[in-house]
Amino acid sequence: MMIPAPPSRPSALLPADGQASLPLHAIGQEGLEGFAATLDLAAAAFLRASGFKAKPGQLALLPGPDGLSGAVLGLGDAPAARAEPWTYGDLPRNLPEGTVWHLEGEGPDPAAATLGWGLGAYAYTAFKPAKREPARLVTPPGAEEAASTAALIHWVRDLINTPAADLGPAELLAAARAMAEAEGASFEAIEGDALREGFPALAAVGGGSPRAPGVGILRWEGAANGPLLALCGKGVCFDTGGLDLKPSAGMLRMKKDMGGAAVVLGLAARIIRARLPLRLLVLVGAVENSVSGEAFRPMDVLRTRKGLTVEVGNTDAEGRLVLADLLAFAAEQSPALILDCATLTGAARVALGPDLPAIFSNDDALARVVQHAGDAHHDAVWHLPLRRSYDSWLDSTIADLNNVASRPMAGAVIAALFLNRFVPAATPWLHVDLYAWNDANRPGRPEGGEAQALRALHAGISEWLFQQKSAGDETV
């Protein structure tokens, strides 16, 4: 199955071209009576009789001489509700099918409404059509960036939701290539002997699958003299656990184990579309961790691109082996910043739950910038510590380090400490341990694959660049 490059906007978001549409009003409780006074007597009476109190998310349709004249969305008594995309996330499904709408008045936040509407309109339809067509929104002026972001998140969700039988390493790299070509970036794939030579640990992880592993390398020269940002994504298209086989329940969502790569690709496209003043290097490690006579084994010792040897304490801790080689390659390019994304540990979910990705960094100021950006853009992340005193837990008697700890604690911290071994101490680095999935339907966040941290990272990178330039850092 070929996944095309991301579109400029979801189909539920229309260009502002004068198309006939109905007004959508977003009203807080304090403004309800004033709004009702602007309606004709019959519509105001209908609104009151319907029990509309402008509670958060409450929706009422307004009658008119031709049937439907508009709709009102409640914002409650919290001013921040107008700026939350989730406030608008149910509207594509709850407004009448086939209708077209525009924002009316000063109540709605145009960017938040556009993003929330676009995200709420998503459905994965490769194998089953949507139950109904979503209502559509005419993109308000100034919200084009939000519409583009929604389209990229649709694309990331599609990648994660695609079954592993239809999205193996080759298909993931093809999707990365399609995105690169559409956005004006270069792309090459490293496979075969070149992969085994240049990315030996990654090649060992993918060696047990009949679907050959590969590394995708995307480059974008946005600013000829700009800083180099390196993005690394874990693209394990299915994870059986290898010879340390997962139980059946543990495999149920493992098609999403390439979620880090999907988010990195979506983030890269977002950066390119925003024309951030930097150069971009994106590395996607595309593998399948499978079981066969060719699979790597517990207690094998793997060589890495950096030259460090790793004893395999557990074949189900494969993502960090994939990222180790990617991080080493990225470090060789002398970037100003390295960032990686991965569905790396269940321990991060135990600590923070499914909705809050963990971030780790060798630069606390960088981590604070990204965490604040996530809060501001309703895409929260949480900074966890690189506890250096735990570093010895990765010691091995026969290799430079083990890929798992000697103690069954602090699993997310240990994984981050492992990755930190492959990053130069002087290079700012941020690691994102994410879930990439919604366990249940919520406004704007349907069950299934999710582009967690994409908006937080884009905003955080933008702010970090600004701060570095303001501080006079000549490398940035």
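Among contacts in the protein between residues at least 6 apart in sequence, what percentage joins residues at least 24 apart? I found 75%, where contact means heavy atoms within 4.5 Å.

**Entry 1: conventions**

I recorded that this is a predicted model, in which local features need pLDDT of at least 70 and side-chain atom pairs count only at pLDDT 80 or more, whereas totals for chains, interfaces and linings use all residues. Residues are numbered from 1 along each chain as its sequence is written, and side-chain values use heavy atoms, with hydrogens and water left out.

**Entry 2: the whole protein**

I counted 15 helices and 19 strands.

Along the principal axes, the C-alpha atoms fill a box of roughly 85 × 50 × 40 Å.

For burial I noted that 56% of the 476 residues are buried. Buried means under 20% relative accessible area, exposed over 50%, and partly exposed in between, with a 1.4 Å probe and protein chains only. The accessible surface comes to about 19,000 Å², and carbon and sulfur atoms hold 53% of it. Accessible areas come from the Shrake-Rupley method with a 1.4 Å probe, and for residues only the protein chains shown count as cover.

I also checked the charges: there are 39 positive and 52 negative side chains, and the centres of the two sets lie 2 Å apart. Lys and Arg count as positive and Asp and Glu as negative, without His and the chain ends. Each charge is placed at NZ of Lys, CZ of Arg, CG of Asp or CD of Glu.

**Entry 3: the sheet of 6 strands**

I traced an open sheet of 6 strands with mixed pairing, in the order β1-β6-β5-β2-β4-β3. The edges are β1 (13-14) and β3, each with a single partner strand, so one side of each is left without a neighbour in the sheet. Two strands pair if DSSP finds at least two bridges between them.

How many bridges join β2 to β4? I found 4 between strand β2 (residues 22-27) and strand β4 (residues 67-74), which run parallel. Within this pair, L24 has A71 of β4 as its bridge partner, and H25 stands opposite V72 in β4.

On the β3 side, strand β3 (residues 59-64) pairs with β4 in the antiparallel sense over 6 bridges. L61 stands opposite A71 in β4. I noted that β3 and β4 form a hairpin, with 2 residues between them.

**Entry 4: the sheet of 8 strands**

I traced another open sheet, made of 8 strands with mixed pairing, in the order β7-β8-β10-β9-β13-β17-β14-β15. Here β7 (186-190) and β15 (382-383) stand at the edges with a single partner strand each, so one side of each has no neighbour in the sheet. Strand β14 (residues 358-361) and strand β17 (residues 429-433) are antiparallel over 4 bridges. In β17, D433 is the bridge partner of A358.

**Entry 5: two prolines in loops**

Is P79 buried or exposed? I found P79 exposed, with a relative accessible area of 67%. P79 is placed in the loop between β4 and α3 (91-94). From C-alpha to C-alpha, P79 and C237 are 42 Å apart in space, and they are 158 residues apart in sequence.

P140 is in the loop between β6 (136-138) and α5 (144-161). At 10% relative accessibility, P140 counts as buried. Not counting residues up to four places away in sequence, P140 touches L103, P110 and T114. I also found 9.6 Å between the C-alpha atoms of P140 and L13, which are 127 residues apart along the chain.

Which loop holds R275? R275 is in the loop between α10 (259-274) and β10 (279-289). Its phi is near 55 degrees, a positive value in a residue other than glycine. R275 is exposed, at a relative accessible area of 53%.

A453 likewise is not a glycine and has a positive phi of about 75 degrees. A453 lies in the loop between β19 (448-449) and α15 (454-470). I noted A453 as buried, at 1% relative accessibility.
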